[in-house]
Amino acid sequence: MKKLLILIAALAVWTFAGEGRPVYNPYASYGLEIGVNRPMNDRWKDNRKAFGDVGFIANYQLLPYTSVTGDAGYSFPGNGFDVKFGIQQMLLPAGITPFIGGMAGIQAIPEDDDADTFGDRLGPTVEANAGIFFFTESWISMRLKGSYQWTFADEINHSFGVSLGILFANSRPGLKAIDVSR
């Protein structure tokens, strides 16, 4: 029985190890992002016209065109912060490719006249985003992202943001490394 199981396992490995077979190797990339957000609800917009964001971004390629992403950032002026995790779906197998995605997490919106206490500023957040990845076949890639997010703090605060991130792959780079069309 033991020899039969070893033979079946060896046969399975040999079947999938043939040259020209699709091989998928996940990879991770990490980097920094800078952006600007514009408040959209009336009460928040009256006190803050826009605020800047800087943060750390991570991207782990889970499937050939699907990534798990994470962002941790700081908003200024007003000392806000956020931590979000989500899914990102690339739409084309190319060196420059559009993507769509969604994220969820926790955020403390920057201080203003209406939300100056920490409890009024902190709450869960969700985000819908879309953008373009540049240089996906390289060790260094850029992500231009537009997003719309809702933060459920003392009131529902929502904002539109644009950000630019630079990511560095720590293993096999980009879509070229995960080409499954062979």
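Modeller: Two strands pair if DSSP finds at least two bridges between them. Keep that in mind for this predicted model.

Biologist: In what order do the eight strands close into a barrel?

Modeller: The pairing is antiparallel. Neighbouring strands of this sheet are turned by 25° against each other on average, direction ignored. The strands close into a barrel in the order β1-β2-β3-β4-β5-β6-β7-β8.

Biologist: How many bridges join β1 to β8?

Modeller: These two strands run antiparallel. Two strands need at least two bridges to pair. Here the number joining β1 to β8 is eleven.

Biologist: Which residue in β5 is the bridge partner of isoleucine 87?

Modeller: β4 and β5 form a hairpin, with six residues between them. Ten bridges join β4 to β5, residues 97-108, and the two run antiparallel. In β5, the partner of isoleucine 87 is glycine 102.

Biologist: Which residue in β6 is the bridge partner of alanine 108?

Modeller: β5 runs antiparallel to β6, residues 122-134, and twelve bridges join them. In β6, the partner of alanine 108 is leucine 122.

Biologist: What is the volume of the largest cavity?

Modeller: A search of the whole structure finds three cavities of 30 Å³ or more. The largest cavity has a volume of about 230 Å³.

Biologist: Which residues lining the largest cavity are the closest to its centre?

Modeller: The lining has eight nonpolar, nine polar and seven charged residues. Elements that give two or more residues to it include β1, β4 and β8. Of the 24 lining residues, the closest to the centre are Glu33, Asn37, Asp53, Lys84 and Ser163.

Biologist: How far apart in sequence are the parts that arginine 143 and aspartate 71 tie together?

Modeller: The two side chains meet in a salt bridge, at 3.8 Å from N to O. Both residues are buried. Arginine 143 lies in β7 and aspartate 71 in β3, so the pair ties together parts that are 72 residues apart.

Biologist: Is lysine 145 buried or exposed?

Modeller: Lysine 145 forms a salt bridge with glutamate 127, the closest N and O atoms being 3.2 Å apart. Buried means under 20% relative accessible area. Lysine 145 has a relative accessible area of 4%, so it is buried.

Biologist: Which residues are linked in a network of salt bridges?

Modeller: The count of salt bridges comes to six. One of them joins lysine 84 and aspartate 82, at 3.9 Å from N to O. Both of these residues are buried. The network links Glu33, Asp71, Asp82, Lys84, Glu127, Arg143 and Lys145.

Notes: Residues are numbered from 1 along each chain as its sequence is written. This is a predicted model: local features need pLDDT of at least 70, side-chain atom pairs count only at pLDDT 80 or more; totals for chains, interfaces and linings use all residues. Side-chain values use heavy atoms; hydrogens and water are left out. On a 1 Å grid over the protein atoms alone, a cavity is a set of points where a 1.4 Å probe fits but cannot get out, and a pocket is an open set with protein on both sides within 12 Å along at least five of seven lines; lining residues have an atom within 4 Å of a point. Grid points are joined across faces, edges and corners, and a volume is the space filled by probe spheres set on the points. Helices (H or I, at least four residues) and strands (E, at least two) are DSSP runs, numbered from the N terminus. Ala, Val, Leu, Ile, Met, Phe, Trp, Tyr, Cys and Pro count as nonpolar, Asp, Glu, Lys and Arg as charged, and the others, Gly among them, as polar. Axes are lines fitted to C-alpha atoms, for helices over the stretch in contact, and angles run from 0 to 180 degrees between N-to-C directions. A salt bridge is a side-chain nitrogen of Lys or Arg within 4 Å of a carboxyl oxygen of Asp or Glu. Buried means under 20% relative accessible area, exposed over 50%, partly exposed in between (1.4 Å probe, protein chains only).
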